[in-house]
Amino acid sequence: MNTLDLPPGLQVLERGWLSSNNILFTGGEKSLLIDSGYCTHAEQTVSLLELALGDRPLDLLLNTHLHSDHCGGNAALQAQYPDLQTWVPPGHAQQVEQWDAVALTYVPTGQLCPRFKFDQILKPGTQMRFGTCDWQIHAAAGHDPHSVVFFEPASKTLISADALWENGFGVVFPELEGDHAFAEVAATLDMIEGLAPKVVIPGHGRIFAYSPAVLTIARQRLDAFVNHPLKHARHAVKVLLKFKLLEVQRQSWDGFTQWAMATPYLMQIRARFFADAPLRPWIEQLCAELVAAGVAKREGRDLLNA
Ligand SMILES: [Zn+2]
């Protein structure tokens with residue numbers, strides 16, 4: 001699968017962008033999975049795990065953070081494995097318990113996430129046995145204020161979620177909601193630099209070898225956003241549009257733009273950053289930019305994922 005050295009018994013199921021990668025540990029006494037993908041892929045997630053685990057059940061499920069593309073398969077896995085213990089970061093545990101799908105952003109973003117339960121809280125600053133190694137839990141605010149990342153010091157492997165990708169990091173959502181979080185992204189990148197990983201398993205995309213250049217790319221990207229917050233906000237809207245398109249795959253142009261105009265999170269971003277832009281042309285322009293970038297396609301009256 002790759003030539004990068006990973007701790008024994010660790011398997012990365014690389015998924016697309018709609019579903020986060022799934023990281024499976026089968027080496028130890030207990031099988032353990034990090035992140036469960038998006039719900040429309042849940043059946044595939046369950047099949048992949050059955051294939052990897054054979055007759056063994058999945059014992060532990062951990063979420064790096066509670067975005068729908070990282071915990072959307074939780075409910076299906078909990079149904080499949082009745083004794084599964086689910087661990088989530090502390091920040092939104094209460095909202096999960098009460099299933100506040102607004103606070104968890106699933107309702108405002110128009111994303112899907114079936115209700116799941118959790119059993120335990122992941123505590124930053126502590127460590128936990130994954131397979132045959134002890135992994136450190138680190139808070140990694142920025143992309144999501146409550147995200148955690150995991151680090152194994154012997155092999156220097158980092159499970160970075162959306163805090164660090166090969167070419168940057170995920171959208172800085174708190175900034176879109178009026179909270180300053182670019183400094184938190186910078187602090188998280190500094191924290192990662194301090195860990196000095198060798199191998200990074202990101203939340204999306206392939207595993208990559210860490211080098212200082214990776215952080216240089218991320219910091220340049222961050223600087224560009226800090227200097228041009230509107231650019232970040234536009235980028236974020238396009239990411240959210242593309243995410244929906246990944247989910248629906250194909251929809252009429254009118255239906256899709258209508259969906260966007262009825263999606264509270266997108267309208268909040270518009271009100272905060274682009275209040276002067278007339279609504280429909282603004283949405284249509286952003287969709288057209290997805291087409292121009294080659295990540296969407298128009299066919300007759302429809303908009304397609306590409
Ligand atoms: Zn995320």
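Predicted model: local features only at pLDDT ≥ 70, side-chain atom pairs only at ≥ 80, totals over all residues.
Residues are numbered from 1 along each chain as its sequence is written, and side-chain values use heavy atoms, with hydrogens and water left out. Local features need pLDDT of at least 70 and side-chain atom pairs count only at pLDDT 80 or more, whereas totals for chains, interfaces and linings use all residues.

The zinc ion is coordinated by His65 through NE2, His67 through ND1, His143 through NE2 and Asp162 through OD, at 2.1 to 2.4 Å; donors here are N, O and S atoms within 2.8 Å of the metal (3.2 Å for Na, K and Ca), and since water is not among the atoms, sites may look incomplete. Along the chain these donors follow the spacing H-x1-H-x75-H-x18-D. His65, in the loop between strand 4 (60-62) and helix 2 (68-71), and Asp162, in the loop between strand 10 (157-161) and helix 6, are 97 residues apart; helices are DSSP runs of H or I with at least four residues, and strands are runs of E with at least two. His65 is buried at a relative accessible area of 0%, and Asp162 is buried at 2%, where buried means under 20% relative accessible area (1.4 Å probe, protein chains only).

Definitions and conventions
Buried < 20%, exposed > 50% of the residue type's maximum accessible area, 1.4 Å probe, protein only.
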